[in-house]
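Take a look at the structure, then read on.

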Amino acid sequence: MDGTAFALQSASNAAGVALTERFPFAIVGHVDHGKSSLIGRLLHDTNSLPEGKFAELKAASDKRGGQFEWSFLLDALQAERDQGITIDTTQIFFQTAKRRYVIIDAPGHKEFLKNAISGVAQAQAAILVIDAAEGVREQTRRHALILQLLGLRQIAVAVNKVDLIGFDQARFDAIAREITSYLAQLKLTPSAIVPVSARHGDNIVTPSDKMSWYQGSTVLAALDGFTSAPVATDQPLRLPIQDVFKFDERRLVVGRIESGSLRIGDRLEFAPSFKQAKIASIETWNAPTPLTAGAGQSVAITLDDELFIERGHVAVHSDRRPILGHRANLRIFWLDAQSLKVGDRLKLKVATAKYPIEIEQISAVIDVEKLQPTQASEIGRNAIAEITVRSRALMALDLAADMQRTGRGVLLRHGEIVGGALVLSAEASDVDKRLIGPDHLVTRDAREAVNGHRGAVLWLTGLSGSGKSTLAMGLERLLFQRGRQAFVLDGDLLRQGVTSDLGFSPKDRAENIRRSAEVAKLLADAGQVVIVSLISPYAQDRDRARGIIGERFHEIHIKADLATCESRDPKGLYKAARSGAIKNFTGIDAPYEAPERPELVIDTTGQPLERSLAALAAYAEPAIALQAVKDAWAI
Amino acid sequence: MSDLDALENQSIYILREAYSRLKPIAMLWSLGKDSNVMLWLARKAFLGHVPFPVVHVDTGKKFPEMYEFRDRFSKTWNLNLIVRDCPPVEEIDPSLPPAARSAARKTIGLKNVLEEFKFKGIIAGIRRDEQATRAKERVFSPRAESGAWNFRDQPPEFWDHFKSDLPEGAHIRIHPLLSWTELDIWRYIAREQIPIVDLYYARGGKRYRSLGDQDITSPIESNAASISEIIVELSQTKTSERAGRAMDHEREDAFERLRAQGYM
């Protein structure tokens, strides 16, 4: 290879970099209790600071006219240094004689809980810092609770600033008792409670000579005492599918094994479907092809049967299936400024699967002080709560208590992560396998290859008179002329048949959309580019259509202001609505909820039809392109 | 599983998430050691293929060895290479210190690439241990239309769930090497025998530890003439990796300002 010879083994041994274990741990606690200072001291006293760093920090401290600030080491951002707080989580590396460490610093300010969680979730253990003068505070408790929710079991406590309480044993003992009893309620036992002064270095790396009453370990010794999490290869197999690749003749199903292991020849089932196929090979590049693979490995496998598999399926062994059901009880932590209420619709994302859920019940919000469940009708930002959710789609779930990595997930609203969730229990649905239906012998891939494009649903929503139908028919003709299988589902035409029994009340509109979405989905499965032209005024109904159709759904807002639509009035409907001859007319006496995050917006106000159509076609072509074509298009 | 295997598997997971969620997507190739490792990981993730364009935002001031390397390996590795020039320094914010101003050419060059190709995802090879503001980064880091990084309000990111939904005109930076250290990079280069530019090896008592533009990058004192010697050197050094990068040291907040405006 490229003219360079390597002699790694001997070199690495000579250098003593055989310390290949890396142990991430978090430093948490209430704001200003000295987390960053503890880290600074730890790095300094283990001789881990790069050259010149100390001088740089001194200069930054002097500039702000304060005493020396260890926290500037991690509080790198100007805003953090100027305000003297940590805003976001950060990481820093150091090593002891035992192993390499990754320190995760988490902000203690309540406002930044989302950042604290982003950091702490990567840790295998934590040091909880408590100010000796201030004692246990709200964020001390909240962070301890978060540690427990995130699944951390190894914890040590550093009671900081003991110099400020005159190294007083009685005061230290009182804090130790209080935190021990709080942690006990969370079923957490600290491996050590260490009295420290981060500023002066007492009991951080070297034992302090100022507290003869303390005989326990230093912070560093407590760290070295933590153990690494074992790899979960003996658990049931869970391989959440990330993607299916077809770069060459191989059809590769890829994902990361979250638990368990697999072997060539194993029969896999792709939950929550009951489809099964055998592993034909485990593929690699620039590495020998293995016979088996286990937890933690990102794999690419081929199957003996061309099943339709997509992102979100979980490959399992059928004798150790997850729970397949529609309802679950979750413990959640809520991060969004907008509260969560019963009836809210969100997505629950577990590994790579996204399930459309509705909040059925808020069972309890946890009082962080007393750890008591309390009644509440909504869940505010940074609260921890227990809820019951129902999914329209069949979910494949594990319990957090048994399977850490697949028993948890995140809550999404409009694509944003708004919370974390642990599955406490799930109700198995009585799924009748006979109703799952037979597999087509013509696969979706094969059908799409013949058509030369993918099936899709282009969902045109907008006011009456905005130009939906005209654009839909125009696009249908354009695509057809280019050899695409395209077909318009028009709201008015649907109402003559499939939905002829429905009116215009919100409930009937919802059912109208549900049926239209189901029909559109079948046509898309048949390979069609379905262009739906429906006012579909309610966001909730359109979200539901997206839930039914999945990732082939494209929400396209055909936008025009009411005055323009009313002046167009192709069917005289606005006139009739204004005169009261028709009721519940969208835009007049019924609302239109504009899409918040559509895939495309076309504003037809004052824009010639040809330009709107060109914009629509420009979006449609890559959206329906086959993967290989799409990659080429990206170039 | 060894630590390098764990890092490799995690990076592959990230790359596959990015490719699955964000289209069109591209990878930045600065020709340095980190971006070569990143490219190598992409070939692992996509089984020998690199299914997206590889972008070199060219300052025109790289070392000749780097251009030779680019032309040779873009062919050998069958890359879909996009090269775009950066605007001249006269067009850059004059309030920046000189070296930072020079480096900021890349920010604008990248912005132009984003406008031209409408990329939704840009894969970049930054690492947390390089620099303190990079240590605050997310693996999936959303950028506004202007390319700006809103470090005051980053999205939550935990349990490997990444933000991949974004408004029109915005893009996401994906950082598959965020958890790697400089030493990890070298150990992986050695293990996988990944080709790198010769400038990293000592000649006449000096070598480049980090490669940027010729005029704002200085070599360090070193006799490490092979990868194994570099690994030995790095496991003993106490000098920071970017010590030779002038732009980081002109002013306390120089790098933060660069990054807030969209620098890698």
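## The build of chain A

Chain A holds 17 helices and 28 strands; these are DSSP runs numbered from the N terminus, helices being H or I with at least four residues and strands E with at least two. Its C-alpha atoms fill a box of roughly 90 × 65 × 50 Å along the principal axes. Of the 635 residues in chain A, 54% are buried (buried means under 20% relative accessible area, exposed over 50%, partly exposed in between, with a 1.4 Å probe and protein chains only).

This is a predicted model, in which local features need pLDDT of at least 70 and side-chain atom pairs count only at pLDDT 80 or more, while totals for chains, interfaces and linings use all residues. Residues are numbered from 1 along each chain as its sequence is written, chains are lettered from A and ligands numbered from 1 in the order in which they are written, and side-chain values use heavy atoms, leaving out hydrogens and water.

## Where chain A meets chain B

The contact (heavy atoms within 4.5 Å) involves 93 residues from chain A and 76 residues from chain B. Together the two chains bury about 7,000 Å², 56% of it on carbon and sulfur atoms; buried area is the accessible area (1.4 Å probe) that two parts lose on being put together, summed over both.

How many salt bridges cross the interface of chain A and chain B? The rule finds 9, a salt bridge being a side-chain nitrogen of Lys or Arg within 4 Å of a carboxyl oxygen of Asp or Glu.

## Charged pairs to find

Start with Arg22(A), which forms a salt bridge with Asp184(B), the closest N and O atoms being 2.7 Å apart. Arg22(A) also pairs with Asp3(B), where the closest N and O atoms are 3.8 Å apart. This second pair runs from strand E1 (residues 22-29) of chain A to helix H1 (residues 3-21) of chain B. Arg22(A) counts as buried at 18% relative accessibility, and Asp3(B) is buried at 7%.

Within chain A, Glu621(A) forms a salt bridge with Arg482(A), at 3.0 Å between the closest N and O atoms. Glu621(A) lies in helix H16 (residues 609-624) and Arg482(A) in the loop between helix H10 (468-481) and strand E25 (486-490), so the pair ties together parts 139 residues apart in sequence. Glu621(A) is buried, with a relative accessible area of 18%, whereas Arg482(A) is partly exposed at 43%.
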